[in-house]
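Here is a short report for a first look at a complex. Keep the 3D view open while reading.

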Amino acid sequence: MQAAWLLVTLDADLVEITLRSLRVTLSALAVACLIALPLAALLAVRRFRMRRATIAVLNALMGLPPVVVGLVVYVMLSRAGPFGVLGLLFTPTAMIIAQVIIIVPLVASIAHQSLRDLWSDYHDLLISLNATQFQRICTLLWDGRRALLTAALAGFGRAIGEVGAIMIVGGNIDHATRVLTTAIALETGKGDFAMALGLGFVLIALAVAVNLSIHWLGKTESEGRW
Amino acid sequence: MSDLFPVSVRNASVRRRGKVLVGPVDLQLGGQGTSIVIGPNGAGKTSLLKMLHGILRLGGGQISWACPTEQAQRQQAFVFQTPVMMRRSVVENIAYPLRLNKVARQEALAEATIWAERIGLGGDALQRPAVLLSGGERQKLALARALIRKPRLLFLDEPCASLDGRATREIEEILTEVAASGTRLIMSTHNMGQAQRLADEVLFVLHGKVAEFSPAEAFFAGPQTDQARAFLNGDIVE
């Protein structure tokens with residue numbers, strides 16, 4: 001009941017936490033896509049020594065434990081660490097960095113599988129047309145864009161539900177780094193299950209809404225689309 | 001850009017996993033007419049075309065064009081047996097080679113529209129996703145996408161395979177027109193009627209090698225080799 005009331009009245013704290021969750025996750029997703037998608041296309045079109053090993057490592061890193069990532073990012077950003085001077089620890093930026101590290105392998109791996117299939121279709125044509133490597137990568141990314149949305153959505157799902165790493169590097173500071181997942185963990189610990197449940201509903205609604213809007217924008221299920 | 005003919009193929013071969021797919025091949029091709037590549041299934045027709053075009057890397061020997069190889073490749077196009085339909089509209093598929101050559105989008109689309117109409121894919125079909133086209137339409141699209149580059153040399157790998165008589169005739173009419181405009185055609189086919197209609201010279205391929213290379217009239221009147229004779233008679237060729 002209390003949870004529903006918080007949602008209906010658009011509780012200020014709830015709105016703030018929700019928006020911060022979205023901002024951190026979407027920023028991480030944008031950065032991760034900028035790294036992962038070209039990497040996936042490059043792995044599809046280019047043959048080089050250790051390529052298979054690189055793909056295997058990328059696939060293995062999909063299961064990267066978030067807590068360990070959080071710990072490593074914490075050590076790197078702490079005052080004694082190599083990037084301590086930047087003062088990023090316990091900021092949303094640190095949370096974004098941790099999420100990027102977690103979701104890049106996932107997005108790259110899923111994207112690579114789609115682009116590899118597309119490349120096997122396009123291979124002879126693009127070679128015949130003397131497309132440069134850059135043009136091949138751009139073509140795959142453009143023509144495979146709808147399949148790549150799935151990769152991005154998987155990354156979004158992983159990032160929005162992540163708690164371990166961002167708890168460590170963000171510190172779950174009220175009005176600074178508290179996001180939906182860390183707030184749920186906190187409220188559960190305090191025994192305030194109503195609040196935790198309310199936040200949980202918002203988190204689920206957020207994930208579903210973003211997925212639906214991306215599908216709608218991408219027209220993935222429209223007739224004659226890909 | 002200087003002309004790429006004559007082309008000289010010397011002892012060229014393609015290997016894959018230790019097995020010879022094509023070769024050794026020795027050929028001298030002039031710049032006019034239509035060469036038809038025929039031979040039984042698995043003889044190496046497609047691989048020969050891909051080798052000449054540069055899709056398959058040479059395992060030995062060499063192919064010497066009359067101009068630098070890079071220039072020569074820019075003057076060629078290839079129509080595959082199974083046309084590759086890019087995940088784009090019909091007009092964008094045809095415009096794609098121009099976009100690769102950095103032609104402005106509007107200009108490329110305008111040129112592609114002209115080609116699409118020329119091959120009978122104009123009007124409503126222009127904006128349709130290419131994957132929704134029928135087999136014959138796909139082949140026409142692939143042909144338009146190749147021709148928009150204004151190639152001096154056009155390779156066609158069984159462009160009429162699995163097409164009905166009408167679609168085959170339409171493709172042949174386009175090819176005749178293209179050949180008349182000075183484009184050199186090298187095409188593989190299983191259709192002997194089509195080979196006789198289009199060929200100026202015939203390459204009979206067997207076991208990855210060019211077993212016979214002669215003017216079309218002479219070839220169809222009296223092949224030099226027993227295998228070619230058996231093939232023309234519809235016998236099994238070993």
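## A strand pair in chain B

In chain B, Val37(B) has a bridge partner in E7(B), namely Ser188(B). This comes from a predicted model. Strand E3 (residues 34-38) of chain B and strand E7 (residues 184-188) of chain B run parallel and are joined by four bridges. In general, strands of a sheet pair through backbone hydrogen bonds, either parallel or antiparallel.

Which strands make up the sheet around this pair in chain B? There are six, in the order E5-E6-E7-E3-E8-E9. The sheet is open, and its pairing is mixed. At the edges sit strand E5 (76-79) and strand E9 (209-215) of chain B, and each pairs on one side only. Ignoring direction, neighbouring strands of this sheet are turned by 15° against each other on average.

## Chain A: helices

Chain A holds 10 helices and zero strands. The C-alpha atoms of chain A fill a box of roughly 65 × 50 × 25 Å along the principal axes.

How many residues does chain A have, and what share is buried? It has 226 residues, and 39% of them are buried. Now take the contacts in chain A between residues at least 6 apart in sequence. Of these, 78% join residues at least 24 apart.

## Where the chains touch

The contact takes 13 residues from chain A and 14 residues from chain B. On the chain A side, helix H5 (92-128) and helix H6 (133-143) of chain A are the elements that give two or more residues. H5(A) supplies the largest share, six residues. What kinds of residue does chain A bring to this side? They divide into six nonpolar, four polar and three charged.

## Confidence

The predictor gives the complex an ipTM of 0.89 and a pTM of 0.86. For chain B, 100% of the residues reach a pLDDT of 70 or more.

| Part of chain B | Mean pLDDT |
|---|---|
| Chain B as a whole | 90 |
| Helix H9 (residues 226-232) of chain B, lowest | 86 |
| Helix H3 (residues 90-100) of chain B, highest | 95 |

To sum up, chain A has helices and zero strands, while chain B carries an open sheet of six strands.

Conventions. Residues are numbered from 1 along each chain as its sequence is written. Chains are lettered from A and ligands numbered from 1 in the order in which they are written. This is a predicted model: local features need pLDDT of at least 70, side-chain atom pairs count only at pLDDT 80 or more; totals for chains, interfaces and linings use all residues. A residue is buried if 20 or more other C-beta atoms lie within 10 Å of its own, exposed if 12 or fewer, and partly exposed in between; C-beta atoms are placed from the backbone. Two residues are in contact if their C-beta atoms, placed from the backbone, lie within 7 Å. Two strands pair if DSSP finds at least two bridges between them. Axes are lines fitted to C-alpha atoms, for helices over the stretch in contact, and angles run from 0 to 180 degrees between N-to-C directions. Ala, Val, Leu, Ile, Met, Phe, Trp, Tyr, Cys and Pro count as nonpolar, Asp, Glu, Lys and Arg as charged, and the others, Gly among them, as polar. pLDDT is the predictor's confidence in each residue, from 0 to 100.
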